[in-house]
Amino acid sequence: MNFIVILLFTVSRVIAEDDEFAKVFKDGLDNIEKSITMDKHHDQGEILALLHEIHDECPKITRVYKIGDSVEGNGLNVIEFSDNPGEHEVGEPEMKYVANMHGNEVVGREMLLILAQYLCYGYNAGIPWVVKLIESTRIDLMPTMNPDGRAAAWAAMPPEDSKKKPDWMVGRRNGKNKDLNRDFPDVDALEFLLEKAGGANNHLFDEWLEFQGEHVRRMQPETTAVIKWSLTRAFCVSANLHGGDLVANYPYDESRIGKKHGDYTASPDDEVFRWLASTYSESHTTMSDPKRKPCEMSNDDEFEDGITNGADWYSVSSGMQDFNYLATNDFEITVEMGCDKFPKGSELPDYWIQNRNALIHYLSRALDTIRGVVTDADNGSPIFEAVIQLDDIDHDITTGIDGDFFRLAKPGNSHTIKVSAPGYHPQTRTDCVVGKDGCDFKLEKMSQFTIKELQNSLRDLQDEDF
């Protein structure tokens, strides 16, 4: 049986496909879930202790590290899963989940702690799709991006047996009262300007810094840590886990025309993002169900198939989701995991059942990439920051330091990839397939004469009066 195929379906579909495998899978699943405590909330110290317990249980496939500290000095801790923790393996895609960006939205935080145990115990139990996933990808889970806000929210929580609901806003912001999802560089606004001028369409952080000049604002330490992390890793798929509604939200988050809501602002990869968001919503037990009871939020009953364009719902500037798309190679969506931002601990097992298949299925999307390596045809050395253009989509990605690339695309027909790099002749292939390695390129250097000709042509164009 092809376990990559298994990975691309929800657990229920896997079970329906193969009775013999289903029994093994179901037994393993039940045993794993019985060994995990799901009905309690974890404070900052308990999170770190649990992450280290998981590492001790699975030392060969995990690494616990932190990317920085919060305003109040709490660590932004991450657990990584890989068969070579701490290393980028050439040709192996990487993905991440980030939760609890708003401190009072805690479902994602607890779900990632359960997921981390699930992956560790599943690997040790030899469950084939878990083993395949960990050996084929590199997965990073950050349970909390805003530990300070969560602490404030917890301090204001009603008792577990109270019928009183938690305050809707307490703990949302960080220790300096800043909404972290309004604190990233506003690369959307820059991209909207560049669209009109035919300018760059990717990796806009440096352009944003230059555009801001001496007016660059100081960002929060949590934001800065995540930016550095995102810019230095090879993430190709990610999700930002929120709470308060039930929907998978995709770029663009910010309206092109400055409208507060109701302005569907499509990215160049709109079709891919709709498919990516649907991966989560359709694998969730109720998110895509048109008959589900809506949350107490405006426009909630208008989410067709459980997904929404961010700006169509309500416009957000300086958010993390669009920053990842426009400043890195990472395709990110934002998942609202449920109506209650801070449910009781006794309700968390239900949230796990609702989100389990979706969290697992979404992980597999890292494998739905066109993968290849770009090298120098003469000496075989990797070419860093070569530009990768997919079909006619006006959003490029670039190669990493090892020359490899991972371009998310919908499975189906072959795709056309064009690769270019300064000082090299561009190349095009029309046979690149999603989910398979081998879309490699060996670029030939331009002669010095050719380079000089190009430079002279550019000077001539600059001197022309249009």
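Visitor: Which side chains meet in a salt bridge at 2.8 Å, N to O?

Guide: In this predicted model, the side chains of Asp 140 and Arg 233 form that salt bridge, with 2.8 Å from N to O. Asp 140 belongs to strand β4 (residues 138-142) and Arg 233 to the loop between α10 (221-232) and β5 (235-242), so the pair ties together parts that are 93 residues apart in sequence.

Visitor: Is Asp 140 buried or exposed, and how should I read Arg 233?

Guide: A residue counts as buried when its relative accessible area is under 20%. Asp 140 is therefore buried, at 0% relative accessibility, and Arg 233 is buried as well, with a relative accessible area of 16%.

Visitor: Which parts does the salt bridge between Lys 445 and Asp 376 tie together?

Guide: The side chains of Lys 445 and Asp 376 meet at 2.3 Å, N to O. Lys 445 sits in the loop between β15 (441-443) and α15 (448-463), while Asp 376 is in strand β9 (residues 369-376), so this pair links parts that are 69 residues apart in sequence. Lys 445 is partly exposed at 42% relative accessibility, whereas Asp 376 is buried, with a relative accessible area of 2%.

Visitor: Which residues do salt bridges that share partners join into one network?

Guide: Through shared partners, salt bridges join Arg 63, Glu 80, Glu 94, Arg 138, Asp 140 and Arg 233 into one network. The structure holds 23 salt bridges.

Visitor: Where on the surface does negative charge gather?

Guide: Asp 206, Glu 207, Glu 210 and Glu 385 form a patch of negative charge there. Glu 210, found in helix α9 (residues 205-212), is exposed, with a relative accessible area of 67%.

Terms used
Residues numbered from 1 in each chain as written. Predicted model: local features only at pLDDT ≥ 70, side-chain atom pairs only at ≥ 80, totals over all residues. Heavy atoms only, no water. Patch = residues over 30% accessible without salt bridge, like charges linked within 9 Å, V, L, I, M, F, W, Y side chains within 5 Å. Areas by Shrake-Rupley, 256 points an atom, 1.4 Å probe, with all protein chains shown as cover. Salt bridge = Lys/Arg side-chain N within 4 Å of Asp/Glu carboxyl O. Lys, Arg positive; Asp, Glu negative; His and termini not counted. Charge placed at Lys NZ, Arg CZ, Asp CG, Glu CD. Helix = DSSP H or I, 4+ residues; strand = E, 2+ residues; numbered from the N terminus. Buried < 20%, exposed > 50% of the residue type's maximum accessible area, 1.4 Å probe, protein only.
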